[in-house]
Amino acid sequence: PSSDMPIVDLAALHLDQRGSISEGSLMAMADLIQTPSRDWLGSLELKQLSYRNEKGSHKVDDITLISTQDSADFQMELISPMLNASLISDGSPLLVLGEVQRILIDEQFRPEKVVNSPAAPNFRFHVETADTRALCQIILPELYIAERTKLDISLNKQDEFLTELSSPAIALGSNRLRNITGKLSNPDSLLRCSLRINSLHVSGIDLQYADLEADHGLVHTELGFANSSALRNELFVSADVFLDRQPNPKDTKAYIFVNDSYLYLQDRMWEIRPFDANIGQEKYQINRLFLLSEDQEIRANGELGKQADEQLNLQVNNFLLDNLNSFFKQSPQIRGTLNGSATLSSLFSNPNIFVDLLANNVQLGGDPVGTLNIKSKWDQANNRLNLLVDQSLNGRPPLNVYGHYQPSNRFLNLTAEISELPLTYLNPFVKNFMTTYGGSLSGNFQLYGRTDRLNLTGE
(Lines give C-alpha, C1' and ligand atoms only; values in the text may rest on other atoms or scores of the structure.)
Protein backbone atom coordinates (compact mmCIF):
# COMPACT_ATOMS: atom_id res chain seq x y z
CA PRO A 1 0.00 0.00 0.00
CA SER A 2 0.98 3.64 -0.45
CA SER A 3 -0.26 6.92 0.89
CA ASP A 4 0.45 10.59 0.35
CA MET A 5 0.71 13.10 3.16
CA PRO A 6 0.01 16.57 1.78
CA ILE A 7 1.65 19.56 3.39
CA VAL A 8 0.97 19.41 7.12
CA ASP A 9 1.37 22.52 9.26
CA LEU A 10 3.16 21.03 12.28
CA ALA A 11 3.33 24.41 14.03
CA ALA A 12 -0.44 25.01 13.74
CA LEU A 13 -1.09 21.51 15.12
CA HIS A 14 1.28 22.25 18.04
CA LEU A 15 3.40 19.24 17.07
CA ASP A 16 6.44 21.45 16.60
CA GLN A 17 6.62 24.63 18.66
CA ARG A 18 10.22 25.62 17.86
CA GLY A 19 9.10 28.42 15.52
CA SER A 20 6.17 29.97 13.71
CA ILE A 21 6.87 27.93 10.53
CA SER A 22 7.08 24.13 10.55
CA GLU A 23 5.64 22.24 7.58
CA GLY A 24 6.29 18.75 6.23
CA SER A 25 5.14 16.49 3.41
CA LEU A 26 5.95 13.00 2.12
CA MET A 27 4.72 10.01 0.14
CA ALA A 28 4.96 6.57 1.80
CA MET A 29 5.00 3.10 0.24
CA ALA A 30 5.01 -0.03 2.42
CA ASP A 31 5.28 -3.78 1.86
CA LEU A 32 5.30 -5.20 5.38
CA ILE A 33 4.21 -8.34 7.22
CA GLN A 34 4.20 -9.08 10.95
CA THR A 35 5.72 -12.32 12.20
CA PRO A 36 4.36 -14.39 15.11
CA SER A 37 7.14 -12.86 17.25
CA ARG A 38 5.64 -9.43 16.42
CA ASP A 39 8.61 -8.29 14.28
CA TRP A 40 7.85 -6.38 11.08
CA LEU A 41 9.53 -7.65 7.90
CA GLY A 42 9.59 -6.08 4.45
CA SER A 43 10.27 -2.59 3.18
CA LEU A 44 9.11 0.96 3.84
CA GLU A 45 9.86 3.79 1.41
CA LEU A 46 9.46 7.48 2.20
CA LYS A 47 9.58 9.54 -1.00
CA GLN A 48 9.58 13.25 -1.78
CA LEU A 49 10.11 14.01 1.90
CA SER A 50 10.49 17.74 2.50
CA TYR A 51 10.43 20.09 5.45
CA ARG A 52 10.14 23.89 5.74
CA ASN A 53 10.93 26.08 8.73
CA GLU A 54 11.94 29.69 9.34
CA LYS A 55 15.36 29.01 7.75
CA GLY A 56 13.87 27.86 4.43
CA SER A 57 12.90 24.66 2.63
CA HIS A 58 14.86 21.43 3.11
CA LYS A 59 14.51 18.50 0.74
CA VAL A 60 15.34 15.22 2.43
CA ASP A 61 14.97 12.99 -0.67
CA ASP A 62 14.00 9.33 -0.48
CA ILE A 63 14.48 7.06 2.53
CA THR A 64 14.30 3.26 2.30
CA LEU A 65 14.01 0.94 5.30
CA ILE A 66 14.40 -2.81 4.71
CA SER A 67 14.01 -5.52 7.37
CA THR A 68 14.64 -9.24 6.86
CA GLN A 69 14.99 -12.33 9.02
CA ASP A 70 16.69 -15.68 8.53
CA SER A 71 16.93 -18.65 10.87
CA ALA A 72 19.34 -16.86 13.19
CA ASP A 73 19.28 -13.09 12.79
CA PHE A 74 16.97 -10.16 12.40
CA GLN A 75 18.47 -7.59 10.00
CA MET A 76 17.51 -4.00 9.25
CA GLU A 77 19.02 -1.54 6.78
CA LEU A 78 18.34 2.16 6.26
CA ILE A 79 19.42 3.79 2.97
CA SER A 80 19.20 7.53 2.36
CA PRO A 81 21.23 10.51 1.06
CA MET A 82 21.60 11.66 4.69
CA LEU A 83 22.99 8.52 6.30
CA ASN A 84 23.23 4.77 5.94
CA ALA A 85 22.64 2.42 8.84
CA SER A 86 22.48 -1.31 9.46
CA LEU A 87 21.43 -3.50 12.39
CA ILE A 88 21.94 -7.24 12.88
CA SER A 89 20.66 -8.99 16.01
CA ASP A 90 19.52 -12.42 17.14
CA GLY A 91 17.36 -10.84 19.86
CA SER A 92 14.43 -8.45 19.92
CA PRO A 93 15.12 -4.69 20.13
CA LEU A 94 13.58 -4.61 23.63
CA LEU A 95 15.97 -7.33 24.83
CA VAL A 96 18.94 -5.43 23.38
CA LEU A 97 17.87 -2.17 25.08
CA GLY A 98 17.47 -4.01 28.39
CA GLU A 99 20.99 -5.43 28.15
CA VAL A 100 22.48 -2.02 27.29
CA GLN A 101 20.68 -0.46 30.29
CA ARG A 102 22.02 -3.21 32.55
CA ILE A 103 25.63 -2.67 31.39
CA LEU A 104 25.68 1.15 31.30
CA ILE A 105 23.42 2.01 34.23
CA ASP A 106 22.54 -0.86 36.54
CA GLU A 107 26.00 -2.44 36.84
CA GLN A 108 27.63 0.96 37.34
CA PHE A 109 25.17 2.82 39.56
CA ARG A 110 22.53 0.33 40.77
CA PRO A 111 24.37 -2.99 41.33
CA GLU A 112 21.65 -4.20 43.70
CA LYS A 113 19.22 -4.29 40.75
CA VAL A 114 21.44 -6.32 38.41
CA VAL A 115 19.89 -9.57 37.21
CA ASN A 116 22.11 -11.69 34.95
CA SER A 117 20.39 -12.40 31.66
CA PRO A 118 20.48 -16.09 30.66
CA ALA A 119 20.34 -15.19 26.97
CA ALA A 120 22.28 -12.06 26.11
CA PRO A 121 21.78 -11.25 22.41
CA ASN A 122 24.34 -10.77 19.66
CA PHE A 123 23.89 -7.26 18.37
CA ARG A 124 25.73 -5.09 15.81
CA PHE A 125 24.74 -1.58 14.78
CA HIS A 126 26.55 0.71 12.32
CA VAL A 127 25.69 4.19 11.05
CA GLU A 128 27.65 6.56 8.82
CA THR A 129 26.48 10.04 7.88
CA ALA A 130 26.47 11.78 4.53
CA ASP A 131 24.77 15.17 4.02
CA THR A 132 22.76 15.62 7.23
CA ARG A 133 21.83 19.28 6.85
CA ALA A 134 18.15 18.65 6.11
CA LEU A 135 17.90 16.01 8.84
CA CYS A 136 19.44 18.36 11.41
CA GLN A 137 16.91 21.04 10.52
CA ILE A 138 14.15 18.59 11.40
CA ILE A 139 15.77 17.28 14.61
CA LEU A 140 17.41 20.46 15.93
CA PRO A 141 18.04 23.43 13.63
CA GLU A 142 21.27 24.46 15.40
CA LEU A 143 22.76 20.96 15.16
CA TYR A 144 25.51 20.10 12.65
CA ILE A 145 26.97 16.63 12.08
CA ALA A 146 29.76 16.37 9.52
CA GLU A 147 29.89 13.81 6.71
CA ARG A 148 31.73 10.54 7.50
CA THR A 149 30.65 10.59 11.15
CA LYS A 150 30.57 6.93 12.22
CA LEU A 151 29.03 5.11 15.17
CA ASP A 152 29.43 1.37 15.83
CA ILE A 153 27.78 -0.48 18.72
CA SER A 154 28.15 -4.22 19.39
CA LEU A 155 27.15 -6.70 22.10
CA ASN A 156 27.81 -10.46 22.21
CA LYS A 157 26.74 -13.44 24.27
CA GLN A 158 29.88 -13.13 26.41
CA ASP A 159 28.40 -9.83 27.63
CA GLU A 160 31.13 -7.83 25.85
CA PHE A 161 29.88 -4.38 24.96
CA LEU A 162 31.73 -2.00 22.61
CA THR A 163 30.86 1.44 21.25
CA GLU A 164 33.15 3.39 18.89
CA LEU A 165 32.59 6.92 17.58
CA SER A 166 34.53 9.00 15.07
CA SER A 167 33.60 12.32 13.52
CA PRO A 168 35.34 15.17 11.68
CA ALA A 169 33.05 17.67 13.44
CA ILE A 170 29.91 18.05 15.54
CA ALA A 171 28.43 21.44 16.45
CA LEU A 172 25.46 22.86 18.29
CA GLY A 173 25.02 26.55 17.71
CA SER A 174 28.36 28.27 18.39
CA ASN A 175 29.72 25.24 20.28
CA ARG A 176 32.02 23.11 18.08
CA LEU A 177 33.97 19.87 18.47
CA ARG A 178 36.43 18.72 15.77
CA ASN A 179 38.25 15.45 15.04
CA ILE A 180 36.46 13.34 17.63
CA THR A 181 37.34 9.74 18.44
CA GLY A 182 35.80 7.79 21.28
CA LYS A 183 35.55 4.24 22.60
CA LEU A 184 33.44 2.68 25.36
CA SER A 185 33.74 -0.94 26.54
CA ASN A 186 33.04 -3.04 29.64
CA PRO A 187 35.88 -5.39 30.60
CA ASP A 188 35.27 -7.04 34.00
CA SER A 189 31.80 -5.43 34.09
CA LEU A 190 33.42 -2.02 34.70
CA LEU A 191 33.28 0.65 32.03
CA ARG A 192 36.43 1.67 30.17
CA CYS A 193 36.15 4.85 28.14
CA SER A 194 38.48 6.92 25.97
CA LEU A 195 37.69 10.18 24.22
CA ARG A 196 39.90 12.57 22.25
CA ILE A 197 38.82 15.86 20.73
CA ASN A 198 41.44 17.82 18.80
CA SER A 199 39.68 21.19 18.84
CA LEU A 200 36.88 22.54 21.03
CA HIS A 201 34.96 25.80 21.18
CA VAL A 202 32.46 25.64 24.06
CA SER A 203 30.72 28.60 25.72
CA GLY A 204 33.19 31.04 24.17
CA ILE A 205 36.26 29.08 25.35
CA ASP A 206 38.69 27.55 22.86
CA LEU A 207 40.61 24.39 23.75
CA GLN A 208 43.26 22.89 21.51
CA TYR A 209 42.57 19.32 22.62
CA ALA A 210 40.87 17.23 25.29
CA ASP A 211 41.80 13.67 26.25
CA LEU A 212 39.81 11.48 28.61
CA GLU A 213 40.55 7.95 29.78
CA ALA A 214 38.30 6.12 32.25
CA ASP A 215 39.07 2.66 33.63
CA HIS A 216 37.67 0.82 36.66
CA GLY A 217 36.04 3.91 38.10
CA LEU A 218 39.12 6.15 37.75
CA VAL A 219 39.04 8.88 35.11
CA HIS A 220 42.23 10.50 33.80
CA THR A 221 41.83 13.65 31.73
CA GLU A 222 44.15 16.10 30.00
CA LEU A 223 43.13 19.44 28.55
CA GLY A 224 45.20 21.74 26.37
CA PHE A 225 44.69 25.31 25.17
CA ALA A 226 46.91 27.51 23.04
CA ASN A 227 46.41 30.56 20.86
CA SER A 228 48.30 31.97 17.90
CA SER A 229 48.95 35.48 19.21
CA ALA A 230 52.38 37.03 19.60
CA LEU A 231 52.23 36.41 23.36
CA ARG A 232 52.06 32.82 24.54
CA ASN A 233 48.76 31.77 26.10
CA GLU A 234 48.63 28.06 26.78
CA LEU A 235 47.09 25.64 29.26
CA PHE A 236 47.86 22.04 30.17
CA VAL A 237 45.86 20.32 32.91
CA SER A 238 46.29 16.69 33.96
CA ALA A 239 43.82 15.29 36.48
CA ASP A 240 42.40 12.04 37.83
CA VAL A 241 38.82 11.68 39.00
CA PHE A 242 37.50 8.84 41.15
CA LEU A 243 33.76 8.34 41.65
CA ASP A 244 32.95 6.69 44.98
CA ARG A 245 29.54 5.19 44.24
CA GLN A 246 27.18 4.46 47.14
CA PRO A 247 23.83 2.60 47.28
CA ASN A 248 22.16 5.93 48.00
CA PRO A 249 23.09 8.21 45.06
CA LYS A 250 23.01 11.24 47.39
CA ASP A 251 25.98 9.77 49.27
CA THR A 252 28.12 9.39 46.11
CA LYS A 253 31.29 11.51 46.06
CA ALA A 254 33.69 12.56 43.33
CA TYR A 255 37.38 12.86 44.25
CA ILE A 256 39.53 15.01 41.93
CA PHE A 257 43.33 14.87 41.96
CA VAL A 258 45.08 17.50 39.82
CA ASN A 259 48.64 16.57 38.86
CA ASP A 260 51.51 18.91 37.99
CA SER A 261 50.10 21.23 35.31
CA TYR A 262 50.91 24.63 33.87
CA LEU A 263 49.38 27.76 32.42
CA TYR A 264 50.89 30.48 30.23
CA LEU A 265 49.19 33.88 30.32
CA GLN A 266 50.65 36.76 28.31
CA ASP A 267 54.01 34.91 28.03
CA ARG A 268 54.17 34.28 31.79
CA MET A 269 54.29 30.71 33.05
CA TRP A 270 52.10 29.71 35.98
CA GLU A 271 52.82 26.51 37.88
CA ILE A 272 49.70 24.64 38.94
CA ARG A 273 50.89 22.65 41.93
CA PRO A 274 49.24 19.29 42.71
CA PHE A 275 46.03 19.64 44.73
CA ASP A 276 42.87 17.69 45.36
CA ALA A 277 39.16 18.38 45.67
CA ASN A 278 36.04 16.41 46.41
CA ILE A 279 32.41 17.00 45.57
CA GLY A 280 29.46 15.49 47.40
CA GLN A 281 25.86 16.22 48.23
CA GLU A 282 25.86 19.87 49.39
CA LYS A 283 29.57 19.59 50.24
CA TYR A 284 32.55 20.92 48.23
CA GLN A 285 36.16 20.81 49.39
CA ILE A 286 39.39 22.17 47.88
CA ASN A 287 42.72 21.28 49.47
CA ARG A 288 45.82 23.43 48.85
CA LEU A 289 45.13 24.90 45.42
CA PHE A 290 48.26 26.93 44.59
CA LEU A 291 49.10 28.78 41.35
CA LEU A 292 52.51 30.49 41.19
CA SER A 293 54.18 32.77 38.63
CA GLU A 294 57.32 34.44 40.00
CA ASP A 295 55.88 36.64 42.81
CA GLN A 296 52.25 36.26 41.67
CA GLU A 297 50.18 33.85 43.76
CA ILE A 298 46.65 32.51 43.80
CA ARG A 299 45.67 30.22 46.69
CA ALA A 300 42.40 28.50 47.60
CA ASN A 301 41.67 26.20 50.50
CA GLY A 302 38.67 25.10 52.51
CA GLU A 303 35.22 23.61 52.17
CA LEU A 304 31.68 24.68 51.47
CA GLY A 305 28.65 23.15 53.14
CA LYS A 306 25.77 24.07 55.41
CA GLN A 307 27.73 24.87 58.57
CA ALA A 308 28.97 28.39 59.36
CA ASP A 309 32.49 27.13 60.10
CA GLU A 310 32.73 25.50 56.65
CA GLN A 311 34.32 28.18 54.48
CA LEU A 312 36.40 28.51 51.33
CA ASN A 313 39.22 31.05 51.39
CA LEU A 314 40.78 32.65 48.31
CA GLN A 315 43.98 34.71 48.47
CA VAL A 316 45.47 36.76 45.60
CA ASN A 317 48.95 38.29 45.83
CA ASN A 318 50.61 40.58 43.26
CA PHE A 319 48.30 39.40 40.46
CA LEU A 320 48.97 41.38 37.27
CA LEU A 321 45.68 42.45 35.72
CA ASP A 322 47.05 42.27 32.18
CA ASN A 323 46.84 38.48 32.57
CA LEU A 324 43.14 38.96 31.86
CA ASN A 325 43.65 40.63 28.48
CA SER A 326 44.01 37.30 26.69
CA PHE A 327 40.45 36.38 27.69
CA PHE A 328 38.83 39.61 26.48
CA LYS A 329 40.13 40.22 22.98
CA GLN A 330 37.62 42.96 22.10
CA SER A 331 37.68 44.74 25.46
CA PRO A 332 40.04 47.56 26.48
CA GLN A 333 43.48 46.52 27.65
CA ILE A 334 43.81 46.66 31.42
CA ARG A 335 46.91 46.91 33.60
CA GLY A 336 47.61 47.04 37.30
CA THR A 337 48.31 44.81 40.32
CA LEU A 338 45.65 43.07 42.40
CA ASN A 339 45.93 41.94 46.04
CA GLY A 340 43.30 40.75 48.45
CA SER A 341 41.11 37.95 49.68
CA ALA A 342 37.62 36.47 49.45
CA THR A 343 35.75 34.15 51.80
CA LEU A 344 32.60 32.15 51.12
CA SER A 345 30.82 30.15 53.83
CA SER A 346 27.51 28.38 54.56
CA LEU A 347 26.86 28.04 50.83
CA PHE A 348 23.89 25.66 51.20
CA SER A 349 22.18 27.26 54.21
CA ASN A 350 22.81 30.96 54.87
CA PRO A 351 25.46 32.06 52.34
CA ASN A 352 28.01 34.54 53.62
CA ILE A 353 30.39 36.27 51.20
CA PHE A 354 33.20 38.67 52.05
CA VAL A 355 35.49 40.24 49.42
CA ASP A 356 38.30 42.74 50.02
CA LEU A 357 40.43 43.51 46.94
CA LEU A 358 42.86 46.35 46.23
CA ALA A 359 44.05 47.12 42.69
CA ASN A 360 46.99 49.54 42.36
CA ASN A 361 48.42 51.46 39.37
CA VAL A 362 45.40 50.53 37.26
CA GLN A 363 45.27 51.62 33.62
CA LEU A 364 42.36 51.17 31.22
CA GLY A 365 43.12 51.43 27.52
CA GLY A 366 46.33 53.31 28.36
CA ASP A 367 44.62 55.91 30.58
CA PRO A 368 45.52 56.00 34.30
CA VAL A 369 42.73 54.88 36.64
CA GLY A 370 44.76 54.88 39.86
CA THR A 371 43.70 52.74 42.80
CA LEU A 372 40.50 50.72 43.06
CA ASN A 373 39.28 49.34 46.38
CA ILE A 374 36.60 46.68 45.91
CA LYS A 375 34.62 45.36 48.88
CA SER A 376 31.54 43.20 49.23
CA LYS A 377 29.84 41.59 52.20
CA TRP A 378 26.76 39.46 52.56
CA ASP A 379 23.90 41.22 54.34
CA GLN A 380 22.25 38.36 56.22
CA ALA A 381 19.28 40.40 57.48
CA ASN A 382 18.26 41.57 54.00
CA ASN A 383 19.49 38.50 52.08
CA ARG A 384 21.62 40.55 49.70
CA LEU A 385 25.24 41.25 48.74
CA ASN A 386 26.42 44.76 49.57
CA LEU A 387 28.94 46.22 47.12
CA LEU A 388 31.44 49.09 47.34
CA VAL A 389 34.00 50.35 44.79
CA ASP A 390 36.22 53.35 45.55
CA GLN A 391 38.61 54.97 43.06
CA SER A 392 41.53 57.19 43.97
CA LEU A 393 43.51 59.07 41.30
CA ASN A 394 46.16 61.66 42.14
CA GLY A 395 44.79 62.05 45.66
CA ARG A 396 41.13 62.61 44.74
CA PRO A 397 38.13 60.26 44.32
CA PRO A 398 36.69 60.51 40.77
CA LEU A 399 34.41 57.51 41.31
CA ASN A 400 32.51 56.00 44.23
CA VAL A 401 30.06 53.16 43.60
CA TYR A 402 27.93 51.54 46.29
CA GLY A 403 24.79 49.46 46.46
CA HIS A 404 23.64 45.86 46.61
CA TYR A 405 22.62 42.80 44.61
CA GLN A 406 19.77 40.49 45.70
CA PRO A 407 20.13 37.00 44.16
CA SER A 408 16.60 35.84 45.09
CA ASN A 409 15.01 38.18 42.52
CA ARG A 410 18.18 39.15 40.58
CA PHE A 411 17.73 42.79 41.62
CA LEU A 412 20.66 45.20 41.32
CA ASN A 413 20.76 48.66 42.87
CA LEU A 414 23.95 50.67 42.41
CA THR A 415 24.62 54.35 42.97
CA ALA A 416 27.64 56.02 41.35
CA GLU A 417 28.98 59.35 42.59
CA ILE A 418 31.24 60.78 39.87
CA SER A 419 33.49 63.80 40.19
CA GLU A 420 35.48 64.91 37.14
CA LEU A 421 35.86 61.41 35.76
CA PRO A 422 37.98 61.66 32.57
CA LEU A 423 35.87 60.96 29.47
CA THR A 424 38.85 59.28 27.81
CA TYR A 425 37.91 56.18 29.85
CA LEU A 426 35.04 55.75 27.39
CA ASN A 427 37.25 55.55 24.29
CA PRO A 428 37.81 51.76 24.35
CA PHE A 429 34.04 51.22 24.50
CA VAL A 430 32.91 53.75 21.85
CA LYS A 431 35.94 53.78 19.51
CA ASN A 432 33.95 52.24 16.64
CA PHE A 433 31.73 55.31 16.25
CA MET A 434 33.36 58.20 18.15
CA THR A 435 36.55 59.36 19.88
CA THR A 436 36.82 61.44 23.04
CA TYR A 437 39.93 63.66 23.31
CA GLY A 438 39.28 65.34 26.65
CA GLY A 439 36.75 66.59 29.19
CA SER A 440 35.30 65.03 32.29
CA LEU A 441 32.02 63.77 33.70
CA SER A 442 30.45 64.68 37.04
CA GLY A 443 27.14 63.77 38.64
CA ASN A 444 25.19 61.12 40.47
CA PHE A 445 23.81 58.08 38.65
CA GLN A 446 21.68 55.13 39.72
CA LEU A 447 21.56 51.73 38.01
CA TYR A 448 18.69 49.61 39.29
CA GLY A 449 16.25 46.84 38.42
CA ARG A 450 16.32 43.16 37.54
CA THR A 451 19.52 42.22 35.73
CA ASP A 452 17.56 41.57 32.53
CA ARG A 453 15.69 44.92 32.73
CA LEU A 454 18.09 47.51 34.15
CA ASN A 455 17.26 51.22 34.36
CA LEU A 456 19.75 54.10 34.46
CA THR A 457 18.93 57.53 35.89
CA GLY A 458 21.20 60.44 36.71
CA GLU A 459 21.74 64.14 37.06
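## A bridge between β3 and β4

K47 and D62 form a salt bridge, with their closest N and O atoms 3.6 Å apart. The term means a side-chain nitrogen of Lys or Arg within 4 Å of a carboxyl oxygen of Asp or Glu. K47 sits in strand β3 (residues 40-53) and D62 in strand β4 (residues 56-69), so the pair ties together parts 15 residues apart in sequence.

How exposed is K47? K47 has 22% relative accessibility and counts as partly exposed. D62, at 36%, is also partly exposed. Here buried means under 20% relative accessible area, exposed means over 50%, and partly exposed lies in between (1.4 Å probe, protein chains only).

## About the model

This is a predicted model, in which local features need pLDDT of at least 70 and side-chain atom pairs count only at pLDDT 80 or more, while totals for chains, interfaces and linings use all residues. Residues are numbered from 1 along each chain as its sequence is written, and side-chain values use heavy atoms, leaving out hydrogens and water.

## The chain as a whole

The protein chain has three helices and 31 strands. Both are DSSP runs numbered from the N terminus: helices are H or I with at least four residues, strands are E with at least two. Of the 459 residues in the chain, 33% are buried.

Contacts are heavy atoms within 4.5 Å. Take those between residues at least 6 apart in sequence: 35% of them join residues at least 24 apart. The accessible surface comes to about 26,900 Å², and 56% of it belongs to carbon and sulfur atoms. Accessible areas come from the Shrake-Rupley method with a 1.4 Å probe; for residues, only the protein chains shown count as cover.

K283 is partly exposed, at 25% relative accessible area. E310 is buried, at 10%.

D356 and K375 also meet in a salt bridge, 3.0 Å from N to O. D356 is partly exposed at 27%, and K375 is partly exposed at 32%.

## A network

Which residues are linked in a network of salt bridges? They are R410, R450, D452 and R453.
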